[in-house]
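Here is a short briefing on one protein model.

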Amino acid sequence: MPFRRGHDARRRWRLSAKLLVVASIATVLGFCAVCAGVMFDMRRGEEQLARRTLENLASGIEADISRNIELYDLSLRAVASNLEMPEIRNVSKELRQLILFDHAATAKHFGAIQVFDSKGDLTIDAASLDPQPENRSDEEYFTVQRDHPDTGLYISRPMLHRGAYAIVLSRRIVGEDGRFLGVVVGSIRFSYFHDLFGRLNLVSGDTITVLRNDRTIIMRTPFDLDVIGKNLADQLDWKSENLKIGGAFSGKGPVDDTARLYVRRSGSGPLYVVVGKPLEAVFNLWRTEAIRIGAIMGLLVLFVLSATLVLAREIVRRGDAEDRLEELATTDALTGLKNRRKFDAEIDREWRRASRYGQPVALLMIDADHFKAYNDTYGHQAGDQVLVGIAICISDAVRRAGDCPARFGGEEFAVLLPNMTALEAFNLAETIRGKVQQWCEGELITTVSIGVASMRPLAGQQWSDLIEAADKALYAAKANGRNQSVLATVPKIALVA
């Protein structure tokens with residue numbers, strides 16, 4: 001067990017380094033998760049802010065359109081109501097014009113109100129007392145009113161009306177008996193929408209679309225005649241469920257491939273408004289912040305991981321250094337065996353373990369014979385070589401990992417043998433003695449004397465008793481002529497050659 005403590009220490013240091021790396025990685029992942037959560041919250045906040053802004057914009061536009069349509073519709077209703085009176089037919093043209101159109105709404109974007117009879121012929125025109133003959137019986141705004149009495153206010157598709165692109169509004173005229181008498185028609189020119197949208201501060205990619213309830217596009221900015229009048233119900237790749245009343249939708253719309261955030265107002269009028277803003281513009285500020293924060297987090301993660309790796313490497317290096325220092329502190333410099341300090345620590349630990357489990361502990365005390373004479377004759381360097389040779393023989397004979405061979409002092413060595421009986425220890429001692437005798441040769445042959453002792457620790461005994469027993473056996477071996485092993489009997493020591 002000579003290197004067990006050093007091995008355990010090395011394992012502890014390496015475990016500490018691994019725990020440091022794992023803890024740092026877990027911390028980095030935690031911070032990244034928190035940062036990602038904050039960034040997603042910021043993204044949701046940007047989307048919600050953009051949605052509220054678009055809702056407010058759509059509300060304002062829809063309110064303006066609805067107010068003007070309602071105002072113009074009041075004029076159409078008034079004309080239709082007055083025409084239902086029989087007396088209106090008997091008055092002069094000038095008086096009829098005054099009665100019908102005096103309170104009619106007028107604006108630069110509103111077309112003149114016209115009245116067509118049941119056959120579609122123009123009979124009354126707010127712009128002229130003697131209108132030119134016209135027949136609009138084939139126009140949609142006329143046929144719808146004629147064929148569907150419950151239509152109410154009808155808004156046509158965008159069309160060229162009286163020399164300008166406009167939407168035509170019509171209402172049915174009925175007699176007292178419920179007969180269809182004709183339609184009253186007015187128009188709102190596209191210039192109204194251009195003027196309305198032109199007052200808004202839109203950025204590139206923003207869209208405003210005015211649609212009829214059947215999903216026909218009435219007006220759109222940016223203006224495109226290919227889109228105006230298109231019915232989205234005809235597009236199979238776009239479903240009305242994508243953008244419900246009062247809802248929002250993120251992605252590609254039905255008109256082009258630009259991904260936008262679309263918001264639809266929940267108005268109850270004949271027209272509704274959809275406002276769209278490119279997702280790139282919605283998340284532009286968030287993307288800038290995300291890149292900046294991501295870069296900072298990346299640098300911090302790189303710094304933390306680099307610092308962790310450096311610290312982990314230093315921990316491992318320190319562990320290795322402490323292992324080397326411990327080895328230097330517990331190893332005899334000359335022989336490479338454990339020194340006396342290490343031996344005392346090992347025998348104390350093994351003695352306690354043997355006391356707990358009732359196991360024997362054996363000890364060999366080995367001394368070089370005639371070493372002083374050999375040292376005086378051949379010098380200290382030759383004496384050191386003899387001690388190194390004896391240490392090699394001991395190490396070669398002691399094979400178990402738990403055994404502890406040590407230099408006890410001077411030319412004396414000790415071998416601690418946990419869980420070994422006296423007979424097994426004696427046989428090992430003879431093996432060591434034979435190896436030393438076989439190895440040493442020259443003018444003065446060097447041999448060793450060995451004292452052997454084995455004890456099962458009893459109450460009141462100390463490991464010093466084991467050393468004392470082995471030491472007495474060693475003295476007995478020297479007294480009996482050296483180059484032999486002597487086994488001590490415990491508690492009454494009997495010396496056997």
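The points below are grouped by topic.

This is a predicted model, in which local features need pLDDT of at least 70 and side-chain atom pairs count only at pLDDT 80 or more, while totals for chains, interfaces and linings use all residues. Residues are numbered from 1 along each chain as its sequence is written, and side-chain values use heavy atoms, with hydrogens and water left out.

**Confidence**
- The mean pLDDT is 85, on the predictor's per-residue confidence scale from 0 to 100.
- A pLDDT of 70 or more is reached by 93% of the residues.
- Residues 1-5 have pLDDT below 50, with 17 contacts beyond near neighbours in sequence; contact means heavy atoms within 4.5 Å.
- Residues 492-497 also fall below 50, with 16 such contacts in the model.
- Where pLDDT is low, the predicted coordinates should not be read in detail.

**Aromatic pairs**
- The structure holds ten aromatic pairs. Rings of Phe, Tyr and Trp (its six-membered ring) pair if their centres lie within 6.5 Å; planes under 30 degrees apart are stacked, over 60 edge-to-face, and the rest tilted.
- Phenylalanine 190 and phenylalanine 223 are edge-to-face, because their ring centres lie 6.0 Å apart and their planes stand at 80°.
- Phenylalanine 190 lies in helix H4 (residues 190-198) and phenylalanine 223 in the loop between strand S8 (217-221) and strand S9 (248-252), so the pair ties together parts 33 residues apart in sequence. Helices (H or I, at least four residues) and strands (E, at least two) are DSSP runs, numbered from the N terminus.
- Phenylalanine 190 is buried at 4% relative accessibility, whereas phenylalanine 223 is partly exposed at 37%. Buried means under 20% relative accessible area, exposed over 50%, and partly exposed in between (1.4 Å probe, protein chains only).
- Tyrosine 192 and phenylalanine 193 form an edge-to-face pair, 5.1 Å centre to centre with 65° between the planes.
- Tyrosine 192 is buried at 7%, and phenylalanine 193 is buried at 1%.
- One aromatic cluster is formed by Tyr165, Phe190, Tyr192, Phe193, Phe197 and Phe223.

**Tyrosine 165**
- Tyrosine 165 lies in strand S5 (residues 164-174).
- Tyrosine 165 is partly exposed, at 41% relative accessible area.

**Leucine 122**
- Leucine 122 lies in strand S2 (residues 122-125) and is buried at 11%.
- Leaving aside neighbours within four places in sequence, leucine 122 contacts Gln114, Val115, Phe116, Pro131, Gln132 and Glu134.
- The C-alpha atoms of leucine 122 and aspartate 396 are separated by 128 Å, at 274 residues apart along the chain.
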